[in-house]
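Hi everyone, thanks for coming.

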Amino acid sequence: VELTGPEALLIGHHIARHFSGAARELLLAHVARIREISKAMGPAESAARRREIPCPLLQNRTCSVYPARPLVCRAMHGLDRERCAAELRTGSLAGSQYYAHRHEIALSVSAGLREGCQAAGLQSGALNLARALNDFFSQENAVERWINGEEVFGG
């Protein structure tokens with residue numbers, strides 16, 4: 001999952017505020033495993049085998065940060081329950097006709113966020129979710145540091 005700095009900060013803040021210490025530690029252990037899997041594959045293979053790399057925020061096939069989920073995830077929904085269920089059963093990652101336009105909107109908003117952050121002198125590159133979560137919880141005051149123009153995320 002690719003996201004922007006503001007999205008990563010929102011998710012990190014949501015986790016810090018709503019997860020117990022044990023739940024947060026479990027999540028961070030899962031993030032570490034996913035980072036190791038991805039690192040061993042490299043970027044190209046990782047992208048090609050994305051079905052094998054679960055989102056670290058999924059718990060029992062449900063998003064654990066649903067109110068703070070990334071924009072790209074907000075675009076991933078359909079209006080036809082049966083088609084959605086069929087795609088889930090087959091493991092299809094094909095763009096459903098029901099959310100293709102929403103995906104384009106999410107990408108456009110993400111691009112606008114990155115451009116706005118860059119114009120404001122804030123870290124603005126696209127981020128990997130697992131890496132961003134690791135970076136957020138590996139340092140003190142990530143939100144304040146980012147707002148002050150410091151580089152918080154490794155990229």
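The angles I quote are taken between N-to-C directions, from 0 to 180 degrees. Also, please keep in mind that this is a predicted model.

Okay, the overall picture. The chain has eight helices and four strands. If you start at the N terminus and read along, the order is β-α-α-α-β-β-α-α-α-β-α-α. There are 155 residues, and 31% of them are buried. As for surface, the accessible area of the chain is about 9,400 Å², with carbon and sulfur atoms accounting for 54% of that.

Now to a pair of helices I'd like you to find. In general, you describe two packed helices by the angle between their axes and the distance between the axes. Here, α1, residues 5-18, packs against α7, residues 129-137, at about 60°, and the axes are 10 Å apart. Because of that angle, α1 counts as oblique to α7. The crossing of the two is right-handed.

Who actually meets whom? On the α1 side you have A8, L9, I11, G12, H13, I15 and A16, and on the α7 side L129, A132, L133, F136 and F137. Sorted by class, that contact holds 10 nonpolar residues, two polar ones and no charged ones.

Let's zoom in on F136, which sits in α7. Is F136 buried or exposed? Its relative accessible area is 9%, and the cut-off for buried is under 20%, so F136 is buried. Leaving out residues up to four places away in sequence, F136 touches A8, L9, G12, H13, A142, V143 and F153. Take L9 from that list: F136 and L9 are 127 residues apart in sequence, yet their C-alpha atoms are 7.3 Å apart in space.

One last stop, just along the chain. N141 lies in the loop between α7 and α8, with α8 being residues 142-147.

Notes: Residues are numbered from 1 along each chain as its sequence is written. This is a predicted model: local features need pLDDT of at least 70, side-chain atom pairs count only at pLDDT 80 or more; totals for chains, interfaces and linings use all residues. Side-chain values use heavy atoms; hydrogens and water are left out. Angles under 35 degrees count as roughly parallel, over 145 as roughly antiparallel, 65 to 115 as roughly perpendicular and the rest as oblique. A crossing is left-handed if the near helix is turned anticlockwise from the far one by less than a right angle, and right-handed if clockwise. Contact means heavy atoms within 4.5 Å. Ala, Val, Leu, Ile, Met, Phe, Trp, Tyr, Cys and Pro count as nonpolar, Asp, Glu, Lys and Arg as charged, and the others, Gly among them, as polar. Buried means under 20% relative accessible area, exposed over 50%, partly exposed in between (1.4 Å probe, protein chains only). Accessible areas come from the Shrake-Rupley method with a 1.4 Å probe; for residues, only the protein chains shown count as cover.
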